[in-house]
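Please keep the sequence and the three-dimensional view at hand while following them.

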Amino acid sequence: MKNENGDENNNQQTDSQRFVPRTILTVTNLGIRRSERWLFRDLNFELKSGEVIQVVGENGAGKTSLLRSLCGLLPYARGEAKWAEIDESECLPLFLGHLPAVKPELTVFENLKFHPIAGEFATESQIEAAIEEVQLGFYLDTQARYLSAGQVRRVGLARLLIAQTPCWILDEPFTSLDVDGCHWLEGKIDDFAKNGGCVLLTSHQSIHLPTPPKLLELSNAEQFTC
Ligand SMILES: Nc1ncnc2c1ncn2[C@@H]1O[C@H](COP(=O)(O)OP(=O)(O)OP(=O)(O)O)[C@@H](O)[C@H]1O
């Protein structure tokens with residue numbers, strides 16, 4: 001895979017690395033079909049600790065379908081997606097979808113507390129700290145229905161701060177974020193990878209990290225009917 005500059009890239013592998021690298025996800029000959037069409041048939045890649053991979057491609061190329069399949073939300077038609085074994089104290093992976101899955105009738109706090117993956121091991125003070133960090137402290141007990149689109153996105157992203165997982169799967173996580181929010185999220189992704197996390201994400205915008213993400217390209221041109 002190549003980075004945004006077109007160079008071969010072993011990103012996030014530095015001398016100051018503070019973790020033992022391991023392969024978190026191995027994708028082999030993966031194929032996904034929607035209706036009567038293959039989106040892709042032979043996708044192969046690995047996601048390792050410390051890596052950030054950005055899935056890119058035109059609208060309809062299959063980026064969301066890929067992420068949802070890897071998280072078990074959409075069946076794939078062929079091939080294999082194998083996750084590493086993880087510690088009991090971890091869960092795998094944390095998926096934030098294109099829509100942030102924030103329940104409007106729950107408060108900001110409750111949306112974190114009752115999230116089945118992120119909320120499982122988090123204490124109340126960790127949840128409150130996460131809400132402060134995404135600048136929603138004032139809205140802690142406010143029902144999410146009263147938040148703006150960017151604030152709803154921030155509730156979803158706050159889950160990243162409390163989840164005990166080595167892997168984030170993020171579908172268009174920058175959607176609705178203001179400029180400061182985008183910078184903040186880029187910083188969080190960079191920190192997470194530097195500390196041994198791995199991130200697979202889609203974004204139609206360039207992501208500015210000290211080491212550019214690897215690019216995984218999907219193409220409409222490879223789609224065909226069957
Ligand atoms: N529920 C569905 N049933 C049938 N086909 C679907 C369904 N959802 C998506 N598709 C088709 O699958 C293809 C890939 O969609 P997907 O959402 O994965 O693309 P994407 O690369 O994420 O696009 P975008 O950049 O627009 O978000 C599209 O052609 C779409 O029409």
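Which residues in the largest nonpolar core touch the most other members? This is a predicted model, and in it that core holds 54 residues, of which L94, L112, I131, W168, I169, V199 and L200 touch the most other members. Helix α4, residues 149-162, supplies the largest share of the core, namely six residues. Both domain 1 (30-93 + 166-226) and domain 2 (102-164) contribute residues to this core, so it lies between them.

When its neighbours within four places in sequence are left aside, V199 is in contact with V52, W168, L170, I189, F192 and A193.

Helix α4 deserves a separate look. Of its 14 residues, 10 are buried, so the helix is largely enclosed by the rest of the structure. The buried residues are V152, R153, R154, V155, G156, L157, A158, R159, L160 and I162. What covers them? The covering elements include strands β5 (94-96) and β6 (167-171), together with helices α2, α3 and α5.

The overall plan can now be set out. The protein contains five helices and nine strands. Read from the N terminus, the elements follow the order β-β-β-α-β-β-α-α-α-β-α-β-β-β. Of the 226 residues, 35% count as buried. Among contacts between residues at least 6 apart in sequence, 75% join residues at least 24 apart.

Across the boundary, 12 residues of domain 1 are in contact with 10 residues of domain 2. On the side of domain 1 that touches domain 2, helix α5 (residues 179-194) gives the most, with three residues. By class, that side of domain 1 has five nonpolar, four polar and three charged residues.

Attention may next turn to the ligand. The residues around the ligand are R34, S35, L39, G57, N59, G60, A61, G62, K63, T64 and S65. Helix α1 (residues 63-70) gives the most to this shell, with three residues. In terms of class, the shell has two nonpolar, seven polar and two charged residues.

Two neighbours in this shell can be examined in turn. R34 is located in strand β1 and counts as partly exposed, because 13 C-beta neighbours lie inside 10 Å. Not counting residues up to four places away in sequence, R34 touches L39 and S65, which are themselves among the residues around the ligand. The C-alpha atoms of R34 and A77 are separated by 9.5 Å, although the two residues are 43 residues apart along the chain. S35 lies in the loop between β1 and β2 (37-48). S35 is exposed, because 5 other C-beta atoms lie within 10 Å.

Most residues other than glycine have a negative phi, and most peptide bonds are trans. S35, however, has a positive phi near 50°. N29 likewise has a positive phi, of about 50°, although it is not a glycine. N29 is placed in strand β1, residues 23-34, and counts as exposed because it has 11 C-beta neighbours inside 10 Å.

Is F114 buried or exposed? F114 is exposed, because 12 other C-beta atoms lie within 10 Å and a residue with 12 or fewer is classed as exposed. F114 is found in the loop between α2 (108-113) and α3 (124-133). Apart from its neighbours within four places in sequence, F114 is in contact with L106 and G119.

Finally, the confidence of the prediction should be considered. The protein averages a pLDDT of 88, and 87% of the residues score at least 70. For the complex, the predictor gives an ipTM of 0.97 and a pTM of 0.88. Where pLDDT is low, the predicted coordinates should not be read in detail.

Definitions and conventions
Residues are numbered from 1 along each chain as its sequence is written. This is a predicted model: local features need pLDDT of at least 70, side-chain atom pairs count only at pLDDT 80 or more; totals for chains, interfaces and linings use all residues. Two residues are in contact if their C-beta atoms, placed from the backbone, lie within 7 Å. Helices (H or I, at least four residues) and strands (E, at least two) are DSSP runs, numbered from the N terminus. Ala, Val, Leu, Ile, Met, Phe, Trp, Tyr, Cys and Pro count as nonpolar, Asp, Glu, Lys and Arg as charged, and the others, Gly among them, as polar. A residue is buried if 20 or more other C-beta atoms lie within 10 Å of its own, exposed if 12 or fewer, and partly exposed in between; C-beta atoms are placed from the backbone. A residue is near a molecule or strand if its C-beta atom, placed from the backbone, lies within 6 Å of it. A nonpolar core is a set of buried Ala, Val, Leu, Ile, Met, Phe, Trp, Tyr and Cys residues joined through C-beta atoms within 7 Å. Domain bounds come from an automatic or database domain assignment. pLDDT is the predictor's confidence in each residue, from 0 to 100.
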